[in-house]
Amino acid sequence: MTVKPQIRIVAIYVSVALLWVLFSDRLLLSLHLDERTLSFWHTIKGCFYVVVTGALLYWLIGRVVRRMDRLNHLLLSGNEQSLRALVSAMDVRHKETRDHSERVMRMTVALARRVGMEDDALRHVRFGALLHDIGKLALPDSVLIKPGPLTPDEMTLMRTHPALGRDLLMRTAFLRPAIDIPYSHHERWDGTGYPQGLKGEEIPLAARIFSVVDVWDALSFPRVYKPAWPEMEVVDYLRNAAGGQLDPSVVGLFLEHYDEIKAVGLEQLAVD
């Protein structure tokens, strides 16, 4: 039978308190002190009791918190591994280049660190980047992997995937904070993007960061509808897109640390 942490803490605290009161009182009474001296030692005993039991509670609660942190880390790691398996299957279905979602996730996290994100914000960026195209699960292959240009009706259908992705992630509590990238990574700095037509800094920062990496990746690797572009043409495209399609400050930071961020993205390919 597993005992709840709060019951265990209370049981230890009450046991220590009862033992302290019982034996300390007996010890003082056995000394046959006068009333004034006895009162003084009762005060000292009380202060010592507060310090010792406070330290005991700090240790007990800290131990539980550390255990909960470890369990939470294991849970998050397990969830992330499951999501990576799902995303890997998505990449195969969409005929994406090998390691596409992992690559853009690693590069987005590296760029987000350069922007100044950390801790929870960085974790939300990681999950959001990994699941950026989760909404495409609801789209037919005839649209997703069509080798030629999409018709207007097909393009309208394709543009529903950010909203579909948002709706999917909103069903899972721990993924709700990660919706910025899946929902907003097709917004444009000049306001001509979709699905909401956001402009400039109205677009969530995480989505603006990801968009730069996603454009680089889309141009740098072959897709069913196009070959890979030469690297310098990709870099020139990013420079020209700054202020129109992409956040100019994020583009500038990406290009400033280009070799480092690209290496982070390609490191798994090198290992494989």
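The following dialogue examines how the terms applied to this predicted model rest on computed values.

Student: How is the model to be read?

Tutor: Residues are numbered from 1 along each chain as its sequence is written, and side-chain values use heavy atoms, with hydrogens and water left out. In this predicted model, local features need pLDDT of at least 70 and side-chain atom pairs count only at pLDDT 80 or more, while totals for chains, interfaces and linings use all residues.

Student: What makes up the pattern of the protein chain, in helices and strands?

Tutor: The chain has 12 helices and 0 strands. Helices (H or I, at least four residues) and strands (E, at least two) are DSSP runs, numbered from the N terminus. Helix α9, for example, spans residues 205-220.

Student: What makes Trp-216 and Tyr-258 an aromatic pair, and of which kind?

Tutor: Rings of Phe, Tyr and Trp (its six-membered ring) pair if their centres lie within 6.5 Å; planes under 30 degrees apart count as stacked, over 60 as edge-to-face and the rest as tilted. For Trp-216 and Tyr-258 the centres are 6.4 Å apart and the planes stand at 70°, which gives an edge-to-face pair. Trp-216 lies in helix α9 and Tyr-258 in helix α12 (residues 258-271), so the pair ties together parts that are 42 residues apart in sequence. The rings of Trp-229 and Tyr-237 also form an edge-to-face pair, because their centres are 5.8 Å apart and their planes are at 85°. Trp-229 is partly exposed at 32% relative accessibility, and Tyr-237 is partly exposed at 32%.

Student: How many aromatic pairs are counted, and which residues do ring pairs link into a cluster?

Tutor: The count comes to 5 aromatic pairs. Ring pairs join Trp-216, Phe-221, Phe-254 and Tyr-258 into a cluster.

Student: How do you know that a charged end sits over the ring of Phe-221?

Tutor: The rule requires NZ of Lys or CZ of Arg within 6 Å of the ring centre and within 35 degrees of the ring normal. The charged end of Arg-103 sits over the ring of Phe-221, 3.7 Å from its centre. Likewise, the charged end of Arg-126 sits over the ring of Phe-127, at 5.5 Å from the ring centre.

Student: Why are the buried residues of α11 placed on the same side of the helix?

Tutor: In helix α11 (residues 248-256), Val-250, Val-251, Leu-253 and Phe-254 are buried. They cover an arc of only 165° around the axis, which puts them on the same side of α11; the arc is that of the directions from the helix axis to the C-beta atoms. On the other side of α11, Ser-249 and Glu-256 are exposed.

Student: What makes a space a cavity or a pocket?

Tutor: On a 1 Å grid over the protein atoms alone, a cavity is a set of points where a 1.4 Å probe fits but cannot get out, whereas a pocket is an open set with protein on both sides within 12 Å along at least five of seven lines; lining residues have an atom within 4 Å of a point. There is 1 cavity of 30 Å³ or more. The largest cavity holds about 50 Å³, and its lining includes Ser-184, Trp-189 and Asp-247. Helix α9 gives the most to that lining, with 3 residues. The largest pocket holds about 1,100 Å³ and is lined by 37 residues, of which His-186, Tyr-194, Ala-218, Arg-223 and Tyr-225 lie nearest its centre. Helix α9 also gives the most to the pocket lining, with 5 residues.

Student: Which bond joins Tyr-194 and Pro-195?

Tutor: A cis peptide bond joins them, with omega about 10°. Pro-195 is placed in the loop between α8 (180-184) and α9.

Student: What is the phi of Asp-119, and is Asp-119 buried or exposed?

Tutor: Asp-119 has a positive phi of about 50° although it is not a glycine. Asp-119 lies in helix α4 (residues 119-130) and, at 62% relative accessibility, counts as exposed.

Conventions: Points joined across faces, edges and corners; volume = space filled by probe spheres on them. Buried < 20%, exposed > 50% of the residue type's maximum accessible area, 1.4 Å probe, protein only.
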